[in-house]
Amino acid sequence: MFTTISQKTSFYTKEIKTIIDSFNLLNPFNPSIYINEHTYYITVRAFGESMRLPFESYLIIYNRTTTSSSILNLTTCMSKFGIAPTADPRFFIYKNEVWISFNTGYKFYENNDIYVVPIHKIQECKPWKCMLNGRRNTEKNWALFSDSNNQLCAIYSLSPLQIIEEERRDDIHHLIFFRKRTLDAKYLLPKRMRFTIGTQLVKKGEDFYLIAHEKIFLITKLIYFGRLVKLEERDNGFIIKAISKKRLIHSYLSVFGRFQKHNKSLISCTYFSGLCAVDDSLLVSYGINDLNYNIADIASLL
């Protein structure tokens, strides 16, 4: 079952798109968003001045009171610390502050890296590199969160459902070491259900949500869909309460992809990169075939 979300608009979706479009970025896609009382935080990937791959990442901050906005090139900012590229930025809250996570993309001969850094210190603070024994060569999206003890944790995988937690820090080298905290086997997904994490984790009401990616292989090519995952908090992390049977897509036309492709292994991709609960809305941001983006309000789907 497919559900198109291209027309699920609201005040917030229109305003966020207006803010992003005001900067005239070339090929903007895969935005992530976080909204609080005073500010819109938005990240988006796009071409840089060189007009060449890899894509660069940008941070947009919009003041809701003064209606003023600014943009920071995250790729340029992180290069000062010897970190490149800057891919898949996501927001999360840690110790009541807005933080951002990102990774260094796909590395063929070596592991890529995941970093976290507080937004208010992003230009002068060296990001913290996240360390985990036994991790995969390429890691993309950890759904980071702060538990009731203000310990930094993350949903590491959905198949199986696995939580990781901060074990210790190296303040000299800016390293955060994580360890795995696996849930009871009765909460594991069947092996046939191959989902990867797309968006950050958000709380709405008494439940938590994220958008997972379902990947379908057609010979050697991939199609990405979104699946809404509902989780319940438990003492040792979370359990999955429900996974929507609806496959979220931008539109039926988008599923056929485009002749122009940045990633030759894709047929099409509705790539979910941001989720934010604000007022009565549940805003999801996503890329469309690595060529465009959209913001939708999917509160009606809960």
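This report walks through a helix, some strands, the cysteines and the salt bridges of a predicted model.

Leaving aside residues up to four places away in sequence, Thr 13 touches Lys 8, Leu 283, Ile 295, Ala 296 and Asp 297.

Four strands make an open sheet in the order E2-E3-E4-E5, with antiparallel pairing. At the edges are E2 and E5 (68-73), each of which pairs on one side only. Direction ignored, neighbouring strands of this sheet are turned by 15° against each other on average. Helix H1 packs on the sheet, where H1 touches E2, E3 and E4, and the direction of H1 makes about 55° with that of E3.

Within the sheet, E2 and E3 run antiparallel and are joined by five bridges. Here Tyr 34 stands opposite Tyr 41 in E3.

## Strand E20 and its partners

Strand E20 is largely enclosed by the rest of the structure, because eleven of its 13 residues are buried. E20 runs parallel to E17 (residues 221-234), with three bridges between the two, and Ile 223 stands opposite Ser 268 in E20.

With E21, E20 runs antiparallel, and eight bridges join the two strands. E20 and E21 form a hairpin with two residues between them, and Asp 279 in the turn has a positive phi of about 50°. Cys 276 has Leu 283 in E21 as its bridge partner; the relative accessible area of Cys 276 is 2%, which makes this residue buried.

## Cysteines without disulfides

How many disulfides are there? The count comes to zero. Cys 77, for instance, is in no disulfide, and the nearest cysteine sulfur, that of Cys 125, is 10 Å away. Cys 77 is buried, at 4% relative accessibility.

## Salt bridges

Side chains of opposite charge can pair when their charged atoms come close. In this model the count comes to 13 salt bridges. One of them joins Arg 45 and Asp 88, at 3.8 Å from N to O. This pair links distant parts of the chain, with Arg 45 in E3 and Asp 88 in E6 (residues 87-94), 43 residues apart. Arg 45 and Asp 88 are both buried.

Another salt bridge joins Glu 165 and Arg 179, whose closest N and O atoms are 2.8 Å apart. Glu 165 lies in E12 and Arg 179 in E13, so the pair ties together parts 14 residues apart in sequence. Which of the two is buried, and which is partly exposed? Glu 165 is buried, with a relative accessible area of 10%, whereas Arg 179 is partly exposed, at 38%. Arg 169 and Glu 166 also meet in a salt bridge, at 2.6 Å from N to O. Finally, salt bridges that share partners join Asp 207, Lys 230, Glu 232, Arg 234 and Lys 241 into one network.

How values were computed. Residues are numbered from 1 along each chain as its sequence is written. This is a predicted model: local features need pLDDT of at least 70, side-chain atom pairs count only at pLDDT 80 or more; totals for chains, interfaces and linings use all residues. Side-chain values use heavy atoms; hydrogens and water are left out. Contact means heavy atoms within 4.5 Å. A disulfide is a pair of cysteine sulfur atoms within 2.5 Å. Buried means under 20% relative accessible area, exposed over 50%, partly exposed in between (1.4 Å probe, protein chains only). Two strands pair if DSSP finds at least two bridges between them. Axes are lines fitted to C-alpha atoms, for helices over the stretch in contact, and angles run from 0 to 180 degrees between N-to-C directions. A salt bridge is a side-chain nitrogen of Lys or Arg within 4 Å of a carboxyl oxygen of Asp or Glu.
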